[in-house]
Amino acid sequence: MTICAAVALVLGSGERTVAAQAATPTDVYVGLEGYVFDAGNIQLPYRLGRPTGYDPAKKYPLVVFLHGSGESGTDNKLQVSVHMGVPGGGSVFMLPANQAMNPTFFVAPQAPMPGVMGWMGIPGQAVLTLIAYLEHQFSIDPARLYVTGLSMGGYGTWWLVENNPKLFAAAVPMSGGGDTTKAAAIAQLPIWDFHGTIDPVVPVAQSRDMIAALMAAGGHPKYTEYPNGQHDIWDTAYTEPALLPWMFLQHNPFAASADGGAADAADIADASAGDAPAESGDATSPADAGPGSIPDSSGSVVSSPSSDAATSDSSSGAATTDAATGPASGAQSMGSAGGGCACALPPARSTPWGGLAIAVVGCAAIAARRRRS
């Protein structure tokens with residue numbers, strides 16, 4: 001079966017009801033419960049964090065985190081062991097101080113294969129199905145679905161929103177790139193993009209081109225570029241003081257319509273009892289860890305541009321740009337990967353995924369449109 005046919009099969013298989021099921025997590029690691037989701041054609045390990053004091057009578061946001069290439073696999077630990085703004089592993093979104101201000105669900109699936117395509121096609125569709133499943137299991141607000149990711153996950157973040165432009169309330173890609181020809185579809189989506197100027201793995205032009213395309217389409221994305229930042233700028237970015245407050249201010253105006261909610265973007269796959277987290281009980285919180293001042297991969301401390309940050313509501317799309325998108329002096333050409341998530345990339349300013357990815361994206365978009373119509 002071709003990749004294109006497989007994607008079309010997943011998208012066009014028809015909705016199926018999933019009954020609520022209770023299960024015990026396989027383990028708890030850095031404060032996050034471990035599960036394996038059976039999406040039918042792929043087994044997707046994932047880590048789940050629950051809001052502090054979860055009350056099923058209330059509605060909560062959901063943050064979806066897509067890891068980088070180096071954290072791919074099936075151990076269900078690597079994806080939350082590094083890079084999320086907590087030195088000891090875990091998620092900045094689950095720190096007690098942040099949960100006190102913004103109680104939220106947090107899910108971190110693990111892609112089985114590394115590379116730029118890691119979150120595209122079947123794995124990306126499985127993420128959509130997982131989101132729909134969690135919406136069915138828990139009291140999640142469909143107007144507050146947020147997606148963020150780094151490196152391979154940065155590409156995955158762009159891919160998910162470009163192919164589901166009315167699903168998410170906001171997106172935060174880091175050190176990745178998207179398809180500039182689809183920028184118009186997400187021009188009004190609140191986006192805050194992060195990249196390092198001298199990134200030797202994913203050229204900064206990948207982000208600059210996306211931001212320029214969004215602005216040309218009438219969008220107002222936020223963009224932070226770290227002048228001394230190489231590839232692994234994520235811990236610094238995730239601890240920007242303005243990031244979480246900005247993210248949780250965003251609401252999806254399409255959520256109340258037929259185009260909102262993950263169940264509209266993905267078929268809900270049958271799940272075994274071992275896949276479903278129980279509603280009762282709170283996940284153990286990871287150890288308290290303040291963000292501090294985290295150096296980038298070059299060893300120098302990256303200064304925070306948070307004083308220039310602004311917030312916007314998704315209905316207005318009035319986000320601001322934090323840094324110029326023009327060429328920066330001293331930017332290095334793409335070379336071999338240092339620390340962080342290595343992945344093979346095409347030259348800067350080209351379509352970032354290649355012919356196979358374009359075929360997958362095109363088939364997914366066509367199938368989704370056919371189903372909705």
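A residue is called buried when its relative accessible area is under 20%, a cut-off that applies to the legends below, which describe a predicted model.

**View 1. Ser151, a buried residue between β6 and α4.** S151 sits in the loop that joins β6 (140–150) to α4 (152–163). Because its relative accessible area is 0%, S151 counts as buried. The phi of S151 is near 55°, a positive value for a residue that is not glycine. Most residues other than glycine have a negative phi.

**View 2. Val30, in the loop between β1 and β2.** The loop holding V30 runs between β1 (28–29) and β2 (32–38). Although V30 is not a glycine, its phi is positive, at about 40°.

**View 3. Ser81 and its surroundings.** S81 belongs to the loop between β4 (60–66) and α2 (96–101), and with a relative accessibility of 18% it counts as buried. A polar atom of the S81 side chain lies 2.9 Å from the backbone oxygen of L78. When neighbours within four places in sequence are left aside, S81 is in contact with Y29 and G89.

**View 4. The protein chain as a whole.** The chain has eight helices and nine strands, and buried residues make up 57% of its 373 residues. Among contacts with a separation of 6 or more, 79% are accounted for by residues 24 or more positions apart. The accessible surface of the protein chain comes to about 13,400 Å², with 58% of that area belonging to carbon and sulfur atoms.

Note on methods:
Residues numbered from 1 in each chain as written. Predicted model: local features only at pLDDT ≥ 70, side-chain atom pairs only at ≥ 80, totals over all residues. Heavy atoms only, no water. Helix = DSSP H or I, 4+ residues; strand = E, 2+ residues; numbered from the N terminus. Buried < 20%, exposed > 50% of the residue type's maximum accessible area, 1.4 Å probe, protein only. Contact = heavy atoms within 4.5 Å. Areas by Shrake-Rupley, 256 points an atom, 1.4 Å probe, with all protein chains shown as cover. Polar contact = N/O pair within 3.5 Å; in protein donor to acceptor, adjacent residues only side chain to side chain.
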